[in-house]
Amino acid sequence: VGAVVITNTNDLANGTTTSIGALVANDGGDGISLREAILAANNTGGADYIFFNIAGAGVQTINVLTALPTITGAVVIDGWSSPNYAGSPVIELNGGNLGSLVKGIALGAGSSGSTIRGLIINRFTGTGIEINGGATSNNHTIQGNWIGLDATGTAASANGVKGIYGLNSTGNLIGGTTAAQRNVISGNTQ
C-alpha cells in the first residue's frame, strides 16, 4: 500500500516507477506526473492512493500526450484532494484528440476496488473511463467527475466514444446520493 502526490501537469515518465517508494525517492527532478504515479501504483502491491497538489490556482490541465497506462491494481485517484477543489473538479485530463480510440482512464485486469473521483476527462478519441478487466475489474467507485465537458462544466468537450463504459464488470458504483458524488456525463459521441 502506498500513496503518491501528483505535483505537476507534465505527461512525462522520467522518474523511477518500479514502486511508489522508488518514485517518491527519484521523481526525475521535475516532480511527479499522473503517468508516473499510475505506473508506480501498478508496480506496488495493495490498494494505493494518488493525490494532487499542483501549484497554481484554478483548473490544472494535464495534456495527455499518449495513452495513459491501464490501471492493473487497486488505486484511488482522488481529484478531490487538490487544494483548489471546492465542490467542482479542477484536475482536467485533456486527451487532445490524440491517436485512435485512446481512453482517458482504463481500469483493466487486477484493478478491482479502484476509485476514480473529482476529474474532468475530455477530448479522448475513445471512452472517458473504461472498465474492462473481466472477473478482476469489479467493485469500482466512479464519483464526482465531469466526463465530456470542458473545465467550466458548461460546454461539451467530447470524448470520441462513451463517457463511462463497463464491460464484463459487476458491483460498480457510478455516482452517489450527494451532489459531490454525482458525475456529469455529457457531450460524448456515443
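This briefing walks through selected features of the structure, topic by topic.

The model is predicted: local features need pLDDT of at least 70, side-chain atom pairs count only at pLDDT 80 or more, and totals for chains, interfaces and linings use all residues. Residues are numbered from 1 along each chain as its sequence is written, and side-chain values use heavy atoms, with hydrogens and water left out. The structure holds four salt bridges. A search of the whole structure also finds two aromatic pairs.

**Terms for place and exposure**

- Helices (H or I, at least four residues) and strands (E, at least two) are DSSP runs, numbered from the N terminus.
- Buried means under 20% relative accessible area, exposed means over 50%, and partly exposed lies in between (1.4 Å probe, protein chains only).

**The nonpolar core**

- A nonpolar core is a set of buried Ala, Val, Leu, Ile, Met, Phe, Trp, Tyr and Cys residues joined through side-chain atoms within 4.5 Å.
- The largest such core has 33 residues.
- The residues with the most contacts inside this core are L34, I50, F52, I77, L93, I105 and I116.
- Helix 2 (residues 34-42) gives the largest share of this core, five residues.
- I116 is in contact (heavy atoms within 4.5 Å) with I71, I77, I105, L107, I129, T141, I142, Q143 and N145, leaving aside its neighbours within four places in sequence.

**Salt bridges**

- A salt bridge is a side-chain nitrogen of Lys or Arg within 4 Å of a carboxyl oxygen of Asp or Glu.
- One of them joins the side chains of D78 and R117, at 3.0 Å from N to O.
- This pair links distant parts of the chain: D78 is in strand 4 (residues 75-78) and R117 in strand 7 (residues 115-117), 39 residues apart.
- D78 is buried, with a relative accessible area of 8%, whereas R117 is partly exposed at 21%.
- The side chains of E92 and R123 also meet in a salt bridge, at 3.2 Å from N to O.
- Here too the pair links distant parts of the chain: E92 is in strand 5 and R123 in the loop between strand 8 and strand 9, 31 residues apart.
- E92 counts as buried at 4% relative accessibility, while R123 is partly exposed at 27%.
- E130 forms a salt bridge with K103, and their closest N and O atoms are 3.9 Å apart.
- E130 lies in strand 9 and K103 in the loop between strand 5 and strand 6, so this pair ties together parts that are 27 residues apart in sequence.
- E130 is buried at 13% relative accessible area, and K103 is partly exposed at 29%.

**Aromatic rings**

- A pair of aromatic rings is described by the distance of the centres and the angle of the planes.
- Rings of Phe, Tyr and Trp (its six-membered ring) pair if their centres lie within 6.5 Å; planes under 30 degrees apart count as stacked, over 60 as edge-to-face and the rest as tilted.
- Y49 and F51 are stacked, because their ring centres are 6.0 Å apart and their planes are at 10°.
- Y49 is partly exposed, at 34% relative accessibility, and F51 is partly exposed, at 27%.
- W80 and Y85 form a tilted pair, with 6.1 Å centre to centre and 35° between the planes.
- W80 counts as partly exposed, at 23% relative accessibility.
- K162 lies over the face of Y165, at 4.8 Å from the ring centre.
- A charge sits over a ring if NZ of Lys or CZ of Arg is within 6 Å of the ring centre and within 35 degrees of the ring normal.

**Residues in loops**

- L101 has a positive phi of about 55° although it is not a glycine.
- L101 sits in the loop between strand 5 (91-94) and strand 6 (105-107), and L101 is exposed, with a relative accessible area of 56%.
- R123 has a positive phi of about 65°, and R123 is not a glycine either.
- The loop that holds R123 runs between strand 8 (119-122) and strand 9 (129-131).
- S169 lies in the loop between strand 12 (164-166) and strand 13 (173-174).
- S169 is buried, with a relative accessible area of 19%.
- The side chain of S169 reaches the backbone oxygen of S137 at 2.5 Å.
- Leaving aside its neighbours within four places in sequence, S169 is in contact with I131, S137, N138 and H140.

How values were computed: Polar contact = N/O pair within 3.5 Å; in protein donor to acceptor, adjacent residues only side chain to side chain.
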